[in-house]
Amino acid sequence: MPPTDTAKAASRRELNKVATRRAIADAALALLRSVGAGNFTVEDIASEAGVSRRTFFNYFTGVDAALASLADRFLDNVLDEFRLRPADEPILESARVALMELADPMTAAPIAELFSLTNSSQALGRCELEAWEHCTEQIIAAARERLGEGADELHLRAMAGSIIACGKAAMGVWFEERGADLSPESLAVFRQHLVTAVGLLASGFNSSGTTA
């Protein structure tokens with residue numbers, strides 16, 4: 001059946017919410033680039049995004065949360081690919097393949113830039129922590145979808161924490177190698193480090209069990 005007018009309106013509202021959330025996050029990143037960490041406020045972000053202060057707080061609790069949300073775009077793309085994998089496939093293998101399926105390395109640009117900037121600023125330490133915590137929650141939710149509500153909580157949290165540790169390791173090695181280079185070539189290296197790290201985890205850190 002064709003969608004009703006009510007359903008269409010609801011869909012438009014959701015798309016508008018996504019667009020507004022992204023505009024606020026982009027504004028926060030633009031200010032971070034131009035004036036540096038700790039030199040702008042919620043009001044500055046709202047003004048840059050063209051929204052009210054009240055609207056800002058409808059989406060984020062503060063500056064750190066707005067910046068941390070930049071990690072969502074990359075993670076959303078990965079989880080979309082993850083959900084396309086066979087239900088009986090081991091979760092870590094699904095995660096590795098999902099990372100490989102990201103054809104455009106520029107999808108990693110926002111999260112890579114965020115962590116490049118946090119690496120050089122102690123003021124952004126809370127932002128980085130919040131981003132990793134949110135990623136952990138999202139990974140747990142996706143794994144619970146796959147395993148069902150009866151999944152063991154320790155299993156879920158240990159696995160998600162291990163994946164996040166792999167992400168941090170990949171990010172650290174990439175930054176040491178490439179610094180603030182956000183070119184497609186550099187971001188392709190970052191993605192490959194993620195693939196390799198998760199592959200190592202999936203194989204029990206048996207390097208012969210990982211393939212690019």
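1. The largest pocket is lined by Val18, Arg21, Arg22, Ala25, Ser69, Asp72, Arg73, Leu75, Asp76, His134 and Gln138. Helix 1 (5-35), helix 5 (70-83) and helix 8 (125-147) each give two or more residues to this lining. A pocket here is an open set of points on a 1 Å grid over the protein atoms alone, where a 1.4 Å probe fits, with protein on both sides within 12 Å along at least five of seven lines; lining residues have an atom within 4 Å of a point. Helices are DSSP runs (H or I, at least four residues), numbered from the N terminus.

2. This is a predicted model: local features need pLDDT of at least 70, side-chain atom pairs need 80 or more, and totals for chains, interfaces and linings use all residues. Numbering runs from 1 along each chain as its sequence is written, and side-chain values use heavy atoms, without hydrogens and water.

3. The lining of the largest pocket has five charged, three polar and three nonpolar residues. Asp, Glu, Lys and Arg count as charged; Ala, Val, Leu, Ile, Met, Phe, Trp, Tyr, Cys and Pro as nonpolar; the others, Gly among them, as polar.

4. The whole structure holds zero disulfides (pairs of cysteine sulfur atoms within 2.5 Å). Cysteine 127 is in none; its nearest cysteine sulfur, in cysteine 135, is 11 Å away. Cysteine 127 is buried, at 0% relative accessibility. Buried means under 20% relative accessible area, exposed over 50% (1.4 Å probe, protein chains only).

5. Phenylalanine 205 lies in the segment after helix 10 (184-202). Its phi is positive, near 60 degrees. Most residues other than glycine have a negative phi. At 55% relative accessibility, phenylalanine 205 is exposed.
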